[in-house]
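Trainee: I would like to take a close look at a single part of this model, the place where the two chains meet. Could you walk me through that part slowly, with the terms spelled out as you go?

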Number of protein chains: 2
Amino acid sequence: MTDRRARRHEATRREILDAAWRLARERGLTGWSLREVAAEVGMRAPSLYGYFRSKEAIYDAMFAEGSAQLLALADAVPREADPVDLLRAAAREFVDFCVADPPRYQLLFLRVVPGFAPSPASYALAEEVLERLRAILALAGVTSERAVDLWTALVTGLATQQVSNDPDGTRWSDLVDHAVDMFLASELATPR
Amino acid sequence: MTDRRARRHEATRREILDAAWRLARERGLTGWSLREVAAEVGMRAPSLYGYFRSKEAIYDAMFAEGSAQLLALADAVPREADPVDLLRAAAREFVDFCVADPPRYQLLFLRVVPGFAPSPASYALAEEVLERLRAILALAGVTSERAVDLWTALVTGLATQQVSNDPDGTRWSDLVDHAVDMFLASELATPR
DNA sequence: GAGGTTGACCTAACGCTGTTAGGTGTACGC
DNA sequence: GCGTACACCTAACAGCGTTAGGTCAACCTC
(Lines give C-alpha, C1' and ligand atoms only; values in the text may rest on other atoms or scores of the structure.)
Protein backbone atom coordinates (compact mmCIF):
# COMPACT_ATOMS: atom_id res chain seq x y z
CA MET A 1 0.00 0.00 0.00
CA THR A 2 1.32 3.44 -0.89
CA ASP A 3 1.80 5.62 2.15
CA ARG A 4 -1.39 6.92 3.61
CA ARG A 5 0.66 10.04 4.17
CA ALA A 6 1.47 10.35 0.48
CA ARG A 7 -2.17 9.89 -0.48
CA ARG A 8 -3.31 12.49 2.03
CA HIS A 9 -0.65 14.82 0.67
CA GLU A 10 -1.92 14.33 -2.88
CA ALA A 11 -5.49 14.93 -1.77
CA THR A 12 -4.53 18.23 -0.18
CA ARG A 13 -2.70 19.23 -3.35
CA ARG A 14 -5.92 18.55 -5.25
CA GLU A 15 -7.90 20.63 -2.77
CA ILE A 16 -5.53 23.55 -3.19
CA LEU A 17 -5.67 23.28 -6.97
CA ASP A 18 -9.46 23.16 -6.95
CA ALA A 19 -9.59 26.23 -4.73
CA ALA A 20 -7.23 28.07 -7.08
CA TRP A 21 -9.41 27.19 -10.10
CA ARG A 22 -12.54 28.26 -8.23
CA LEU A 23 -11.02 31.62 -7.28
CA ALA A 24 -9.62 32.11 -10.80
CA ARG A 25 -13.09 31.61 -12.27
CA GLU A 26 -14.65 33.98 -9.73
CA ARG A 27 -12.10 36.77 -9.76
CA GLY A 28 -10.06 36.32 -12.91
CA LEU A 29 -6.96 34.30 -13.67
CA THR A 30 -4.63 36.59 -11.72
CA GLY A 31 -7.22 38.01 -9.31
CA TRP A 32 -6.51 35.75 -6.34
CA SER A 33 -3.87 35.57 -3.61
CA LEU A 34 -2.20 32.71 -1.79
CA ARG A 35 -3.80 33.90 1.44
CA GLU A 36 -7.21 33.50 -0.18
CA VAL A 37 -6.45 30.03 -1.50
CA ALA A 38 -5.15 29.06 1.92
CA ALA A 39 -8.29 30.37 3.62
CA GLU A 40 -10.38 28.37 1.15
CA VAL A 41 -8.74 25.12 2.29
CA GLY A 42 -8.53 26.11 5.96
CA MET A 43 -4.85 27.00 6.17
CA ARG A 44 -2.56 30.01 6.32
CA ALA A 45 -0.62 31.07 3.25
CA PRO A 46 2.85 29.79 4.23
CA SER A 47 1.47 26.26 4.67
CA LEU A 48 0.78 26.06 0.96
CA TYR A 49 4.53 25.95 0.42
CA GLY A 50 4.52 22.39 1.65
CA TYR A 51 2.50 21.51 -1.45
CA PHE A 52 3.71 23.93 -4.12
CA ARG A 53 7.11 25.56 -4.32
CA SER A 54 5.63 28.91 -5.33
CA LYS A 55 2.52 30.56 -6.69
CA GLU A 56 3.99 30.03 -10.15
CA ALA A 57 4.10 26.28 -9.43
CA ILE A 58 0.35 26.41 -8.82
CA TYR A 59 -0.10 28.12 -12.19
CA ASP A 60 2.09 25.45 -13.72
CA ALA A 61 -0.01 22.63 -12.26
CA MET A 62 -3.12 24.41 -13.55
CA PHE A 63 -1.51 24.71 -16.98
CA ALA A 64 -0.75 20.99 -17.03
CA GLU A 65 -4.26 20.16 -15.90
CA GLY A 66 -5.88 22.36 -18.54
CA SER A 67 -3.68 20.84 -21.22
CA ALA A 68 -4.61 17.35 -20.08
CA GLN A 69 -8.30 18.24 -20.32
CA LEU A 70 -7.84 19.54 -23.84
CA LEU A 71 -5.88 16.43 -24.71
CA ALA A 72 -8.76 14.27 -23.51
CA LEU A 73 -11.09 16.31 -25.67
CA ALA A 74 -8.86 15.79 -28.71
CA ASP A 75 -8.80 12.05 -28.10
CA ALA A 76 -12.58 11.99 -27.92
CA VAL A 77 -12.99 13.43 -31.42
CA PRO A 78 -14.81 10.78 -33.50
CA ARG A 79 -12.60 9.35 -36.24
CA GLU A 80 -15.10 7.90 -38.70
CA ALA A 81 -17.02 10.95 -39.78
CA ASP A 82 -16.86 13.03 -42.93
CA PRO A 83 -13.72 15.19 -42.86
CA VAL A 84 -15.71 18.42 -43.01
CA ASP A 85 -17.94 17.35 -40.14
CA LEU A 86 -14.86 16.20 -38.27
CA LEU A 87 -13.14 19.58 -38.45
CA ARG A 88 -16.34 21.46 -37.74
CA ALA A 89 -16.85 19.38 -34.61
CA ALA A 90 -13.24 19.79 -33.55
CA ALA A 91 -13.33 23.56 -33.99
CA ARG A 92 -16.64 23.89 -32.23
CA GLU A 93 -15.44 21.77 -29.32
CA PHE A 94 -12.29 23.84 -29.05
CA VAL A 95 -14.12 27.16 -28.97
CA ASP A 96 -16.63 25.77 -26.47
CA PHE A 97 -13.72 24.54 -24.36
CA CYS A 98 -12.32 28.07 -24.30
CA VAL A 99 -15.61 29.81 -23.64
CA ALA A 100 -16.57 27.37 -20.90
CA ASP A 101 -13.61 28.44 -18.75
CA PRO A 102 -12.02 31.73 -19.81
CA PRO A 103 -9.26 31.75 -17.17
CA ARG A 104 -8.21 28.28 -18.29
CA TYR A 105 -8.14 29.52 -21.87
CA GLN A 106 -6.09 32.58 -20.95
CA LEU A 107 -3.63 30.45 -19.00
CA LEU A 108 -3.15 27.99 -21.84
CA PHE A 109 -3.10 30.25 -24.85
CA LEU A 110 -2.56 33.86 -23.92
CA ARG A 111 0.58 34.85 -22.03
CA VAL A 112 -1.40 36.62 -19.35
CA VAL A 113 0.29 35.79 -16.05
CA PRO A 114 3.16 38.27 -15.56
CA GLY A 115 6.19 36.10 -14.84
CA PHE A 116 4.74 32.74 -15.79
CA ALA A 117 6.01 30.33 -18.41
CA PRO A 118 5.08 26.64 -18.29
CA SER A 119 7.71 24.16 -17.13
CA PRO A 120 9.15 21.80 -19.77
CA ALA A 121 6.98 18.97 -18.43
CA SER A 122 3.80 21.02 -18.70
CA TYR A 123 4.77 22.45 -22.05
CA ALA A 124 5.29 18.94 -23.38
CA LEU A 125 1.60 18.31 -22.72
CA ALA A 126 0.70 21.40 -24.73
CA GLU A 127 2.91 20.18 -27.56
CA GLU A 128 1.11 16.88 -27.50
CA VAL A 129 -2.19 18.72 -27.93
CA LEU A 130 -0.74 20.31 -31.04
CA GLU A 131 0.33 16.87 -32.22
CA ARG A 132 -3.24 15.58 -31.90
CA LEU A 133 -4.47 18.63 -33.78
CA ARG A 134 -2.05 17.83 -36.61
CA ALA A 135 -3.36 14.28 -36.71
CA ILE A 136 -6.97 15.47 -36.86
CA LEU A 137 -6.23 17.94 -39.63
CA ALA A 138 -4.37 15.22 -41.53
CA LEU A 139 -7.50 13.06 -41.42
CA ALA A 140 -9.19 15.82 -43.38
CA GLY A 141 -6.33 16.02 -45.84
CA VAL A 142 -4.70 19.11 -44.35
CA THR A 143 -1.02 18.46 -43.79
CA SER A 144 1.12 21.50 -44.54
CA GLU A 145 2.64 23.29 -41.58
CA ARG A 146 1.37 26.61 -42.93
CA ALA A 147 -2.17 25.28 -43.01
CA VAL A 148 -1.87 24.07 -39.42
CA ASP A 149 -0.61 27.51 -38.37
CA LEU A 150 -3.49 29.18 -40.20
CA TRP A 151 -5.92 26.85 -38.45
CA THR A 152 -4.56 27.67 -35.00
CA ALA A 153 -4.71 31.38 -35.77
CA LEU A 154 -8.29 31.04 -36.97
CA VAL A 155 -9.71 29.04 -34.09
CA THR A 156 -7.79 30.83 -31.36
CA GLY A 157 -8.84 34.12 -32.96
CA LEU A 158 -12.48 33.11 -32.81
CA ALA A 159 -12.07 31.98 -29.21
CA THR A 160 -10.24 35.15 -28.18
CA GLN A 161 -12.84 37.44 -29.70
CA GLN A 162 -15.64 35.43 -28.13
CA VAL A 163 -14.10 35.41 -24.67
CA SER A 164 -12.86 39.00 -24.73
CA ASN A 165 -15.68 40.81 -26.46
CA ASP A 166 -18.85 38.80 -25.94
CA PRO A 167 -18.23 36.48 -22.98
CA ASP A 168 -21.89 35.69 -22.37
CA GLY A 169 -23.06 35.52 -25.99
CA THR A 170 -22.34 33.46 -29.09
CA ARG A 171 -21.36 36.17 -31.56
CA TRP A 172 -18.13 34.47 -32.63
CA SER A 173 -18.97 30.89 -31.68
CA ASP A 174 -21.72 31.07 -34.30
CA LEU A 175 -19.07 31.74 -36.94
CA VAL A 176 -17.14 28.53 -36.34
CA ASP A 177 -18.82 26.40 -39.02
CA HIS A 178 -18.55 29.19 -41.54
CA ALA A 179 -14.88 29.70 -40.68
CA VAL A 180 -14.13 26.00 -41.06
CA ASP A 181 -15.84 25.95 -44.46
CA MET A 182 -13.82 28.95 -45.52
CA PHE A 183 -10.64 27.28 -44.34
CA LEU A 184 -11.34 23.98 -46.06
CA ALA A 185 -12.46 25.59 -49.31
CA SER A 186 -9.11 27.34 -49.44
CA GLU A 187 -6.87 24.53 -48.21
CA LEU A 188 -8.45 21.63 -50.05
CA ALA A 189 -8.71 23.59 -53.30
CA THR A 190 -4.92 24.00 -53.37
CA PRO A 191 -3.95 20.67 -51.83
CA ARG A 192 -0.24 20.97 -52.48
CA MET B 1 -1.01 82.32 -23.50
CA THR B 2 -2.13 79.14 -21.78
CA ASP B 3 -0.64 78.77 -18.37
CA ARG B 4 3.02 77.85 -18.39
CA ARG B 5 2.06 75.75 -15.40
CA ALA B 6 -0.51 73.82 -17.42
CA ARG B 7 1.98 73.24 -20.21
CA ARG B 8 4.63 72.04 -17.81
CA HIS B 9 2.03 69.77 -16.22
CA GLU B 10 1.18 68.27 -19.59
CA ALA B 11 4.87 67.77 -20.38
CA THR B 12 5.39 65.87 -17.13
CA ARG B 13 2.34 63.70 -17.89
CA ARG B 14 3.96 62.86 -21.22
CA GLU B 15 7.24 62.03 -19.51
CA ILE B 16 5.47 59.66 -17.11
CA LEU B 17 3.58 58.01 -19.94
CA ASP B 18 6.76 57.55 -21.97
CA ALA B 19 8.50 56.01 -18.98
CA ALA B 20 5.58 53.63 -18.47
CA TRP B 21 5.70 52.55 -22.14
CA ARG B 22 9.45 52.09 -21.94
CA LEU B 23 9.20 49.90 -18.84
CA ALA B 24 6.28 47.96 -20.31
CA ARG B 25 8.35 47.14 -23.39
CA GLU B 26 11.34 46.15 -21.26
CA ARG B 27 9.62 44.12 -18.58
CA GLY B 28 6.18 43.27 -19.94
CA LEU B 29 2.86 45.09 -19.84
CA THR B 30 2.30 44.44 -16.14
CA GLY B 31 5.95 44.05 -15.12
CA TRP B 32 6.54 47.54 -13.76
CA SER B 33 5.74 49.43 -10.57
CA LEU B 34 4.83 53.04 -9.86
CA ARG B 35 8.05 53.42 -7.89
CA GLU B 36 10.01 52.42 -10.99
CA VAL B 37 8.12 54.84 -13.22
CA ALA B 38 8.66 57.56 -10.63
CA ALA B 39 12.40 56.83 -10.45
CA GLU B 40 12.54 56.98 -14.25
CA VAL B 41 11.25 60.58 -14.22
CA GLY B 42 13.16 61.60 -11.05
CA MET B 43 10.33 61.50 -8.55
CA ARG B 44 8.92 59.33 -5.76
CA ALA B 45 5.86 57.20 -6.37
CA PRO B 46 3.27 59.30 -4.49
CA SER B 47 4.10 62.33 -6.65
CA LEU B 48 2.72 60.55 -9.69
CA TYR B 49 -0.73 60.93 -8.16
CA GLY B 50 -0.63 64.61 -9.08
CA TYR B 51 -0.68 63.49 -12.71
CA PHE B 52 -2.72 60.28 -12.74
CA ARG B 53 -5.44 59.28 -10.31
CA SER B 54 -4.18 55.71 -10.11
CA LYS B 55 -2.03 53.15 -11.87
CA GLU B 56 -5.15 52.12 -13.76
CA ALA B 57 -5.44 55.70 -15.06
CA ILE B 58 -1.95 55.31 -16.54
CA TYR B 59 -3.06 52.13 -18.27
CA ASP B 60 -6.12 53.98 -19.51
CA ALA B 61 -4.02 56.78 -20.99
CA MET B 62 -1.81 54.16 -22.63
CA PHE B 63 -4.90 52.44 -24.02
CA ALA B 64 -6.14 55.72 -25.49
CA GLU B 65 -2.73 56.45 -26.97
CA GLY B 66 -2.44 53.03 -28.55
CA SER B 67 -5.90 53.34 -30.00
CA ALA B 68 -5.06 56.75 -31.43
CA GLN B 69 -1.96 55.31 -33.08
CA LEU B 70 -3.99 52.54 -34.64
CA LEU B 71 -6.58 55.08 -35.74
CA ALA B 72 -3.86 57.07 -37.47
CA LEU B 73 -2.72 53.90 -39.21
CA ALA B 74 -6.26 53.19 -40.40
CA ASP B 75 -6.57 56.70 -41.79
CA ALA B 76 -3.31 56.27 -43.69
CA VAL B 77 -4.58 53.26 -45.62
CA PRO B 78 -4.58 54.24 -49.32
CA ARG B 79 -8.08 54.46 -50.76
CA GLU B 80 -7.50 54.10 -54.49
CA ALA B 81 -5.97 50.65 -54.72
CA ASP B 82 -7.46 47.37 -55.82
CA PRO B 83 -9.72 46.00 -53.06
CA VAL B 84 -7.64 42.86 -52.62
CA ASP B 85 -4.43 44.86 -52.34
CA LEU B 86 -6.20 47.22 -49.96
CA LEU B 87 -7.21 44.51 -47.53
CA ARG B 88 -3.88 42.77 -47.81
CA ALA B 89 -2.12 46.00 -46.92
CA ALA B 90 -4.54 46.72 -44.09
CA ALA B 91 -4.11 43.26 -42.58
CA ARG B 92 -0.35 43.36 -42.93
CA GLU B 93 -0.15 46.78 -41.32
CA PHE B 94 -2.33 45.60 -38.48
CA VAL B 95 -0.24 42.53 -37.74
CA ASP B 96 2.95 44.57 -38.01
CA PHE B 97 1.45 47.10 -35.62
CA CYS B 98 0.83 44.33 -33.10
CA VAL B 99 4.21 42.66 -33.51
CA ALA B 100 6.06 45.96 -33.31
CA ASP B 101 4.90 46.56 -29.74
CA PRO B 102 3.52 43.46 -28.01
CA PRO B 103 2.60 45.17 -24.74
CA ARG B 104 0.58 47.74 -26.67
CA TYR B 105 -1.14 44.92 -28.52
CA GLN B 106 -1.91 43.06 -25.30
CA LEU B 107 -3.29 46.22 -23.71
CA LEU B 108 -5.56 46.99 -26.65
CA PHE B 109 -6.83 43.56 -27.59
CA LEU B 110 -6.23 41.04 -24.84
CA ARG B 111 -7.71 41.59 -21.41
CA VAL B 112 -4.38 41.12 -19.72
CA VAL B 113 -4.22 43.73 -16.95
CA PRO B 114 -5.99 42.26 -13.90
CA GLY B 115 -8.49 44.92 -12.88
CA PHE B 116 -8.29 47.12 -15.95
CA ALA B 117 -11.09 48.10 -18.29
CA PRO B 118 -10.80 51.18 -20.53
CA SER B 119 -12.79 54.27 -19.56
CA PRO B 120 -15.74 55.19 -21.80
CA ALA B 121 -13.67 57.95 -23.41
CA SER B 122 -10.83 55.58 -24.25
CA TYR B 123 -13.17 52.85 -25.35
CA ALA B 124 -14.84 55.28 -27.75
CA LEU B 125 -11.48 55.57 -29.52
CA ALA B 126 -11.32 51.81 -29.86
CA GLU B 127 -14.84 51.78 -31.27
CA GLU B 128 -13.79 54.37 -33.80
CA VAL B 129 -10.98 52.08 -34.92
CA LEU B 130 -13.59 49.40 -35.53
CA GLU B 131 -15.63 51.94 -37.49
CA ARG B 132 -12.66 52.65 -39.76
CA LEU B 133 -12.17 48.94 -40.22
CA ARG B 134 -15.79 48.58 -41.30
CA ALA B 135 -15.30 51.38 -43.81
CA ILE B 136 -12.17 49.75 -45.23
CA LEU B 137 -13.87 46.38 -45.54
CA ALA B 138 -16.85 48.06 -47.22
CA LEU B 139 -14.49 49.49 -49.84
CA ALA B 140 -13.69 45.90 -50.74
CA GLY B 141 -17.36 44.95 -50.84
CA VAL B 142 -17.45 43.29 -47.44
CA THR B 143 -20.33 44.69 -45.44
CA SER B 144 -22.05 42.04 -43.32
CA GLU B 145 -21.50 42.21 -39.59
CA ARG B 146 -20.65 38.49 -39.56
CA ALA B 147 -17.93 39.05 -42.13
CA VAL B 148 -16.47 41.89 -40.07
CA ASP B 149 -16.45 39.66 -37.00
CA LEU B 150 -14.75 36.90 -38.95
CA TRP B 151 -12.15 39.40 -40.16
CA THR B 152 -11.35 40.59 -36.66
CA ALA B 153 -11.06 36.99 -35.44
CA LEU B 154 -8.75 36.16 -38.32
CA VAL B 155 -6.35 39.09 -38.06
CA THR B 156 -6.24 39.19 -34.25
CA GLY B 157 -5.72 35.42 -34.31
CA LEU B 158 -2.74 35.79 -36.60
CA ALA B 159 -1.36 38.59 -34.45
CA THR B 160 -1.86 36.67 -31.20
CA GLN B 161 -0.14 33.56 -32.50
CA GLN B 162 2.71 35.62 -33.88
CA VAL B 163 3.25 37.59 -30.69
CA SER B 164 2.73 34.67 -28.29
CA ASN B 165 4.48 31.83 -30.09
CA ASP B 166 7.09 33.33 -32.39
CA PRO B 167 7.76 36.86 -31.16
CA ASP B 168 11.02 37.27 -33.06
CA GLY B 169 10.08 35.47 -36.27
CA THR B 170 7.51 35.82 -39.02
CA ARG B 171 5.82 32.42 -38.90
CA TRP B 172 2.29 33.83 -38.78
CA SER B 173 2.94 37.26 -40.33
CA ASP B 174 3.89 35.40 -43.50
CA LEU B 175 0.40 33.93 -43.62
CA VAL B 176 -1.39 37.27 -43.77
CA ASP B 177 -1.71 37.52 -47.56
CA HIS B 178 -2.84 33.92 -47.80
CA ALA B 179 -5.40 34.47 -45.02
CA VAL B 180 -6.78 37.57 -46.72
CA ASP B 181 -7.15 35.68 -50.00
CA MET B 182 -8.93 32.88 -48.20
CA PHE B 183 -11.24 35.39 -46.52
CA LEU B 184 -12.05 37.26 -49.72
CA ALA B 185 -12.57 34.13 -51.76
CA SER B 186 -15.17 33.07 -49.24
CA GLU B 187 -16.83 36.43 -48.57
CA LEU B 188 -16.92 37.76 -52.12
CA ALA B 189 -18.13 34.45 -53.54
CA THR B 190 -21.24 34.70 -51.39
CA PRO B 191 -21.61 38.48 -51.42
CA ARG B 192 -24.93 38.82 -49.68
C1' DG C 1 3.46 0.46 24.54
C1' DA C 2 7.57 4.13 24.78
C1' DG C 3 10.90 6.96 21.98
C1' DG C 4 12.55 9.27 18.16
C1' DT C 5 11.62 11.11 13.70
C1' DT C 6 9.15 13.25 10.29
C1' DG C 7 5.98 16.07 8.42
C1' DA C 8 1.86 19.31 8.78
C1' DC C 9 0.90 23.43 10.22
C1' DC C 10 1.61 27.73 12.72
C1' DT C 11 3.32 32.83 13.82
C1' DA C 12 6.47 36.49 12.78
C1' DA C 13 8.69 38.91 9.63
C1' DC C 14 11.00 40.66 5.15
C1' DG C 15 10.77 43.54 1.13
C1' DC C 16 7.75 44.57 -2.22
C1' DT C 17 3.21 46.67 -4.12
C1' DG C 18 -0.54 50.61 -4.85
C1' DT C 19 -2.30 54.28 -2.28
C1' DT C 20 -3.42 58.09 1.34
C1' DA C 21 -2.29 61.77 4.70
C1' DG C 22 0.02 65.55 5.83
C1' DG C 23 3.89 68.75 5.45
C1' DT C 24 7.36 72.03 3.02
C1' DG C 25 9.09 75.15 -0.18
C1' DT C 26 8.92 77.47 -4.45
C1' DA C 27 7.09 79.51 -8.58
C1' DC C 28 3.43 81.75 -10.20
C1' DG C 29 -0.72 85.35 -10.91
C1' DC C 30 -2.19 89.52 -9.16
C1' DG D 1 5.94 92.08 -3.08
C1' DC D 2 2.43 89.10 -1.42
C1' DG D 3 -0.60 85.27 -0.94
C1' DT D 4 -1.91 81.30 -3.07
C1' DA D 5 -1.73 77.16 -5.37
C1' DC D 6 0.85 73.66 -6.86
C1' DA D 7 4.92 70.30 -7.11
C1' DC D 8 7.02 67.43 -4.52
C1' DC D 9 8.40 65.18 -0.30
C1' DT D 10 8.35 61.64 3.88
C1' DA D 11 5.76 58.45 6.63
C1' DA D 12 2.63 55.13 6.78
C1' DC D 13 -1.15 51.57 5.65
C1' DA D 14 -2.85 47.18 4.18
C1' DG D 15 -1.98 43.60 1.22
C1' DC D 16 1.19 40.72 -1.63
C1' DG D 17 4.63 36.41 -2.28
C1' DT D 18 7.93 34.31 0.38
C1' DT D 19 11.35 32.66 4.18
C1' DA D 20 12.70 31.37 8.95
C1' DG D 21 11.87 29.08 12.85
C1' DG D 22 8.89 26.84 16.16
C1' DT D 23 5.09 23.52 17.97
C1' DC D 24 2.55 19.50 18.09
C1' DA D 25 0.70 15.25 16.61
C1' DA D 26 1.07 11.19 13.82
C1' DC D 27 3.74 7.61 12.38
C1' DC D 28 7.78 3.90 12.41
C1' DT D 29 10.78 1.27 15.09
C1' DC D 30 12.05 -1.39 19.07
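Trainee: How much area do chain B and chain A bury between them, and what percentage of it is on carbon and sulfur atoms?

Mentor: Before the answer, a word on conventions: this is a predicted model, in which local features need pLDDT of at least 70 and side-chain atom pairs count only at pLDDT 80 or more, while totals for chains, interfaces and linings use all residues. Residues are numbered from 1 along each chain as its sequence is written, chains are lettered from A and ligands numbered from 1 in the order in which they are written, and side-chain values use heavy atoms, with hydrogens and water left out.

The size of an interface is often given as the accessible area lost when the parts come together. For chain B and chain A the buried area is about 2600 Å², with 58% of it on carbon and sulfur atoms; buried area here is the accessible area (1.4 Å probe) that two parts lose on being put together, summed over both. Of the area that chain B buries against chain A, 21% is supplied by B:Arg146, B:Leu150 and B:Met182, more than by any other three residues. Counted by contact (heavy atoms within 4.5 Å), 29 residues of chain B meet 29 residues of chain A.

B:Asp149 forms a salt bridge with A:Arg171, with 2.8 Å between the closest N and O atoms. Between chain B and chain A there are also ten residue pairs in polar contact, both residues being at pLDDT 80 or more; a polar contact is a pair of N or O atoms within 3.5 Å, where within protein one must be able to donate a hydrogen and the other to accept it, and residues adjacent in sequence count only if both atoms are side-chain atoms.

As for the elements involved, helix 7 (145-165) and helix 8 (176-189) of chain B are those that give two or more residues to the side that touches chain A, and the largest share, 13 residues, comes from helix 7 of chain B. Helices (H or I, at least four residues) and strands (E, at least two) are DSSP runs, numbered from the N terminus. By residue type, the side of chain B that touches chain A divides into 13 nonpolar, nine polar and seven charged residues, where Ala, Val, Leu, Ile, Met, Phe, Trp, Tyr, Cys and Pro count as nonpolar, Asp, Glu, Lys and Arg as charged, and the others, Gly among them, as polar.

Chain B can be laid on chain A with an RMSD of 0.0 Å by a turn of 180 degrees and a shift of 0.0 Å along the axis, the copies being superposed by least squares on the C-alpha atoms of residues with pLDDT of at least 70 in both. The two copies are therefore related as by a two-fold rotation axis. In chain B, the C-alpha nearest that axis belongs to B:Gly157, at 1.8 Å from it. The same surface serves both copies, since 100% of the contact residues of chain B recur in chain A.

For the setting within one chain, chain A has eight helices and zero strands, and its C-alpha trace spans about 60 × 40 × 25 Å along its principal axes. The domain assignment of chain A gives domain 1 (1-52) and domain 2 (55-189), with bounds that come from an automatic or database domain assignment. These two domains of chain A bury about 1400 Å² between them, 76% of it on carbon and sulfur atoms, and A:Trp21, A:Leu29 and A:Trp32 supply 48% of the area that domain 1 buries against domain 2, more than any other three residues. Across this interface of domain 1 and domain 2 of chain A the rule finds two salt bridges.

Definitions and conventions: Salt bridge = Lys/Arg side-chain N within 4 Å of Asp/Glu carboxyl O.
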